[in-house]
Amino acid sequence: MLEELALAEDVVAACVDAPAWPLPEHDLIAALDAAHRLQHRLAAVTLALIREVDGRGTARTRGASSTAVWLRERLRLTVPAARRLVDLATALDTGNPGIRQALADGAISLDQARVIADTVDTVNTSTDAETADRAVGLLVGWASQFDPSHLRKLGTRILDHVAPDIADAATQAALDAEARRAARDRHLTLSEQTDGRLRLTGTLDTETAGLLRAAIDPLNAPCGPDDQRSAGQRRHDALAEVCRLALRTGDLPGSGGDSAQIVVTTSYEGLSRQLSSGTLDTGLSLTPETVRRLACDATLLPAVLGGTGQALDVGRQRRLISGPLRRALVLRDRGCAFPGYDRPPRWCHAHHIHHWADGGPTSLANAVLLCGHHHRHLHHSDWTVQLGRDGHPEFVPPAWLDPEQLPRRNHYHRRT
């Protein structure tokens, strides 16, 4: 097998170096189909090898706790992805041989094979081998027309086609099996990048997916015609708002005796002069602009440090816009005060109009409610905010947007 794989690798390498642009459209599409089919057939070989590695106990003899953990290091996979490969390799080896053959023939993809294996496993609990064979044939045929998600939906009613006399009872069993698979496969991976960002990957079960959508969908809509964020950026910002709301509730479990929080360290002089970056308690750095924005609606703990950075004295919390002051601010602004926007108070930050680090007081006359998007926008744009004669906030656009720079107000909350 090793020699054959080496030859196949040489052939594929030659295809990689061959230009695609001279191909007529018909040949281009045929080449794409052939490459896709070859990918499925190689997947069948990979699964057969993984099954053999797992059966021999190779991972444990090489010091790994499981085959999935060994595959993570060997093939640079995540543990959940490696575990799914091991499970599928086992299912294809011990289950209906028609699935393995369809994958080896390039007729189905790896994800489709997983769906068919799961479906046939459920069928086997309710019927005999002959019925399971018919189910495999039907599902493989459907695989040429439907993607894995649609195929799984069709699979929930497979017995209507192959064993209609027991379909109703088996459908409930299939739903129960699907719920167990969802519970088994649920995971969330946070991969820290070198620049401090996190990459989120994972699979949510049905209930959690519904909770996430219910939480972020109301915050996911564009904030008006000037909102240039992509859909992915809006979902990112919506998730950030949900996390901020959860932190503000005070109901999260504590950590080390403190309430859940993020900690940013900076110097007072740097904060006041807008020059100093900040450092998270994870050791990662933030820009001066981000530090000043976070300081608008945060608790500050002044600390006296020795020359080596040793904490000599930590003072009390100051200037947080909270309690009665925040309630008064909510009664006045009723939500995000930026013109034309309808974010409710619970999604808003309290922004110091004249920054506290610049000598601005913590008072109703120096505060305004802003949603996360407009809080960032105000800190990073030429818009300014002030209170009008009646004590309500008004926003002055930059000259390039309005040469007369006429103040604008949010009439949405007044109207409702």
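A: A salt bridge here is a side-chain nitrogen of Lys or Arg within 4 Å of a carboxyl oxygen of Asp or Glu. The model is predicted, and local features therefore need pLDDT of at least 70, side-chain atom pairs count only at pLDDT 80 or more, and totals for chains, interfaces and linings use all residues. Residues are numbered from 1 along each chain as its sequence is written, and side-chain values use heavy atoms, with hydrogens and water left out.

The pocket comes first. On a 1 Å grid over the protein atoms alone, a pocket is an open set of points with protein on both sides within 12 Å along at least five of seven lines, a cavity is a set where a 1.4 Å probe fits but cannot get out, and lining residues have an atom within 4 Å of a point. Points are joined across faces, edges and corners, and a volume is the space filled by probe spheres set on them. The second largest pocket has a volume of about 630 Å³. Its lining is made up of 21 residues, and those closest to the pocket centre are Val115, Arg152, Glu178, Asp185 and Thr203. Helix 7 (110–124), helix 9 (148–155) and helix 11 (167–185) each contribute at least two residues to the lining of this pocket, where a helix is a DSSP run of H or I with at least four residues, numbered from the N terminus. Helix 11 gives the largest share of the lining of the second largest pocket, with 6 residues. Sorted by class, the lining of this pocket holds 12 charged, 5 nonpolar and 4 polar residues; Asp, Glu, Lys and Arg count as charged, Ala, Val, Leu, Ile, Met, Phe, Trp, Tyr, Cys and Pro as nonpolar, and the others, Gly among them, as polar.

Asp185, one of the residues closest to the centre of the second largest pocket, also takes part in a salt bridge with Arg184, in which the closest N and O atoms are 2.9 Å apart. Asp185 is classed as partly exposed because its relative accessible area is 25%, where buried means under 20%, exposed over 50% and partly exposed in between, using a 1.4 Å probe and protein chains only. Although Asp176 and Thr122 stand 54 residues apart along the chain, their C-alpha atoms are separated by 9.7 Å.

A search of the whole structure finds 14 salt bridges. In one of them Arg134 is joined to Glu130, with 3.8 Å between the closest N and O atoms, and both residues lie in helix 8 (residues 129–143), 4 residues apart, about one turn of the helix. Glu130 is exposed, at a relative accessible area of 56%, whereas Arg134 is partly exposed, at 41%. Arg332 forms a salt bridge with Asp333, and here the closest N and O atoms are 2.7 Å apart. Arg332 counts as buried because its relative accessibility is 10%, and Asp333 is likewise buried, with a relative accessible area of 5%. Elsewhere, Arg51, Asp54 and Asp93 are linked in a network of salt bridges.

Among the residues that line the second largest cavity are Leu219, Cys223, Asp237, Glu241, Trp347, His373 and Arg376. Helix 13 (231–249) and helix 17 (372–379) are the elements that give two or more residues to that lining. By class, the lining of the second largest cavity has 5 nonpolar, 5 charged and 2 polar residues. Helix 13 also includes Arg235, which is partly exposed, with a relative accessible area of 42%. The C-alpha atoms of Arg235 and Asn220 are separated by 5.6 Å, while the two residues are 15 residues apart along the chain.
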